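Please read the points below with the model open beside you. They cover two contacts, one within a chain and one between chains.

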Number of protein chains: 2
Amino acid sequence: MRPIWPGLIEAYRPYLPVTEATPVVTLLEGNTPLIPAPAISDRIGRQVKVYVKYDGLNPTGSFKDRGMTMAVTKAKEAGANAVICASTGNTSAAAAAYAKRGGMKAFVLIPDGYVALGKLAQALLYGAEVLAIKGNFDQALEIVRELSDNYPIALVNSVNPYRLEGQKTAAFEVVDALGDAPDWLCIPVGNAGNITAYWMGFCQYHQEQKCSKLPKMMGFQAAGAAPIVLGQPVAHPETLATAIRIGNPASWEKAIAAQQASLGQFNAVTDDEILDAYRLLAASEGVFCEPASAASVAGLLKVKDQVPTGATVVCVLTGNGLKDPDTAIKHSNNQFKPGIEPTLASVAEAMGF
Amino acid sequence: MRPIWPGLIEAYRPYLPVTEATPVVTLLEGNTPLIPAPAISDRIGRQVKVYVKYDGLNPTGSFKDRGMTMAVTKAKEAGANAVICASTGNTSAAAAAYAKRGGMKAFVLIPDGYVALGKLAQALLYGAEVLAIKGNFDQALEIVRELSDNYPIALVNSVNPYRLEGQKTAAFEVVDALGDAPDWLCIPVGNAGNITAYWMGFCQYHQEQKCSKLPKMMGFQAAGAAPIVLGQPVAHPETLATAIRIGNPASWEKAIAAQQASLGQFNAVTDDEILDAYRLLAASEGVFCEPASAASVAGLLKVKDQVPTGATVVCVLTGNGLKDPDTAIKHSNNQFKPGIEPTLASVAEAMGF
């Protein structure tokens with residue numbers, strides 16, 4: 001009998017800020033597959049081995065679950081009876097699912113008219129109450145902060161420090177799967193929390209002698225939303241990779257520290273490069289991710305000549321492609337042939353036989 | 001260091017028709033979480049323990065991946081250079097992903113005008129060629145059969161016997177997680193392949209003394225598509241649970257055999273009951289599944305008075321809710337409040353504080 005995965009807090013309890021008394025709120029997140037990527041490896045050659053960490057197979061479909069199991073667990077421990085965030089994407093879905101799992105209310109605060117309700121379908125089905133204010137995103141963020149200061153409401157936006165604690169477990173899983181840290185870790189960078197968390201995880205495991213080395217942290221931003229690459233905030237970030245469409249990352253300084261300490265780099269990739277990688281992952285590796293996730297692979301391919309011969313590279317895929325069906329429909333290499341006669345010969349011919 | 005999941009064929013190799021020479025095509029499918037469902041357990045009471053087997057966390061988002069890793073692996077072993085299926089749903093997505101993963105072509109044959117292209121977005125992004133014939137679904141099925149007889153093309157529709165071999169591993173995982181078989185296994189029934197496969201798995205594990213008992217197999221069909229419950233095919237099956245909208249199941253006889261041998265039952269649940277269970281799973285357990293998946297929970301709640309006191313019950317959730325965002329948007333208990341003044345007091349009031 002194989003040991004059963006108990007969720008990431010139980011699995012990595014010694015490394016996380018919990019005690020025996022902590023009421024763990026879990027959907028058995030984590031333990032996502034590290035899938036070999038032979039087609040991407042072939043494009044680089046020189047015995048480079050590429051893997052993708054497919055975090056889209058977390059319970060709500062993104063890596064946010066790793067942070068949210070910790071944040072909501074600690075909120076429950078602290079006696080909160082509600083959680084709140086200002087988010088329209090993966091964070092709101094994860095916050096809603098874990099809050100309800102923990103028997104708490106979930107609130108999502110957004111600017112009026114900011115977003116199509118479809119983006120919030122997941123949070124709404126999980127039972128979140130979505131409040132839209134006559135104001136902008138900065139005002140929403142300010143209000144959620146004030147709310148958590150004045151009411152028994154836990155703020156689970158990226159300012160919540162427990163988020164990164166949970167997210168760092170992805171680095172543990174990578175090391176556990178490979179038997180050591182990879183040589184490179186390629187990762188999409190939006191708010192820059194995940195690159196920070198991975199680095200925390202690798203460093204902690206290294207201190208515990210669970211790995212013999214530390215990876216070069218290679219962060220990739222979308223060209224239209226690349227404040228860290230440019231060295232200054234971007235007032236109006238634009239990219240189809242909505243999950244990393246952020247002009248002023250919350251964890252900017254920490255991400256820079258990780259890059260510098262690891263001798264890594266930040267680079268930008270265009271939306272076209274992201275889409276090429278997105279299609280390559282699906283049609284050659286059989287892995288369907290969010291467009292933003294594909295930035296890690298797009299970036300790796302962009303700087304592939306710098307990868308050391310024989311290196312092991314992990315690309316982080318942060319979200320499930322099913323989160324964004326519109327992009328799949330719009331940007332597949334559509335191979336649809338209608339109007340075929342219903343005979344063996346006609347169909348065989350259409351198939352190229 | 002925890003042992004790493006190698007995909008279901010490697011994990012259960014002694015129980016599957018593969019040899020050392022078989023070229024395994026895998027996306028590290030299987031190993032999906034068995035999540036405790038306390039809110040559903042509470043609705044039943046009497047110390048009944050309910051779990052959900054969340055197979056929507058397979059790589060393409062449904063249990064079909066379990067069968068497809070086997071079917072495509074055996075197709076590759078047999079020298080096929082293409083796979084084909086007649087399907088518009090989860091099967092086409094899984095077939096496309098595994099075929100491309102295995103370096104083969106993927107074809108999907110459908111009736112012209114039968115389906116919105118959106119339903120095939122996933123298969124198209126995986127690089128499947130979708131062929132639409134001027135004919136109906138029966139003609140499509142006939143042509144895919146003839147194609148696989150006359151060309152080096154593997155048919156991976158439900159007639160492919162390896163599909164059930166792969167799917168039976170879900171029963172192994174349930175036993176491995178619980179330490180024994182559950183008392184009841186509640187499962188949605190469409191084509192009736194999955195209930196057949198689970199029963200195969202439980203029986204095989206029982207013979208190998210991996211479990212001490214066999215579960216009662218409780219199959220649930222949608223009321224508008226309930227041929228097995230009615231005892232006759234349904235000419236025009238109708239239900240919003242599209243994944244089980246089938247009027248004449250391929251594995252009908254085998255499913256009956258499983259039900260009879262296990263002293264189980266078939267029952268029908270209405271679309272309203274399915275939607276109630278769908279919302280309950282999301283908003284109380286934090287688990288987002290396809291509508292068809294929720295039929296297992298709807299059914300359990302419908303016959304809950306028959307569950308023995310203290311029994312262990314597993315409900316199978318076959319697909320990820322992200323597969324069907326339209327239903328989530330349409331059928332959430334929409335709690336959206338627009339137009340709130342951007343002040344702490346106004347927002348707190350809207351939240352009920």
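Which residue forms a salt bridge with A:Arg66? The partner is A:Asp55, and the closest N and O atoms are 2.7 Å apart. A salt bridge here is a side-chain nitrogen of Lys or Arg within 4 Å of a carboxyl oxygen of Asp or Glu.

1. Basis. This is a predicted model, in which local features need pLDDT of at least 70 and side-chain atom pairs count only at pLDDT 80 or more, while totals for chains, interfaces and linings use all residues. Residues are numbered from 1 along each chain as its sequence is written, chains are lettered from A and ligands numbered from 1 in the order in which they are written, and side-chain values use heavy atoms, with hydrogens and water left out.

2. Domains of chain A. Chain A is assigned a domain 1 (8–62 + 161–332) and a domain 2 (64–155); such bounds come from an automatic or database domain assignment. Taken over C-alpha atoms, the centres of the two domains of chain A are 24 Å apart. Their contact (heavy atoms within 4.5 Å) involves 36 residues of domain 1 and 24 residues of domain 2 of chain A.

3. Area between the domains. Domain 1 and domain 2 of chain A bury about 2300 Å² between them, 56% of it on carbon and sulfur atoms. Buried area is the accessible area (1.4 Å probe) that two parts lose on being put together, summed over both. Of the area that domain 1 of chain A buries against domain 2 of chain A, 31% is supplied by A:Val25, A:Thr60 and A:Arg163, more than by any other three residues.

4. Salt bridges between the domains. The rule finds two salt bridges across the interface of domain 1 and domain 2 of chain A.

5. Contact between the chains. Chain B gives 91 residues and chain A gives 92 residues to their contact. The two chains, B and A, bury about 7700 Å² between them, with 67% of it on carbon and sulfur atoms.

6. Salt bridges between the chains. Six salt bridges are found across the interface of chain B and chain A. In one salt bridge, the side chains of B:Lys337 and A:Glu129 meet at 3.7 Å, N to O. On the side of chain B that touches chain A, helix 12 (residues 271–285) of chain B gives the most, with six residues. By class, that side of chain B has 57 nonpolar, 19 polar and 15 charged residues. Ala, Val, Leu, Ile, Met, Phe, Trp, Tyr, Cys and Pro count as nonpolar, Asp, Glu, Lys and Arg as charged, and the others, Gly among them, as polar.

7. Strand 5 (residues 129–133) of chain A pairs with strand 11 (residues 336–340) of chain B in the parallel sense, over three bridges. A:Leu131 stands opposite B:Lys337 in strand 11 of chain B. Strands pair if DSSP finds at least two bridges between them; helices (H or I, at least four residues) and strands (E, at least two) are DSSP runs, numbered from the N terminus.
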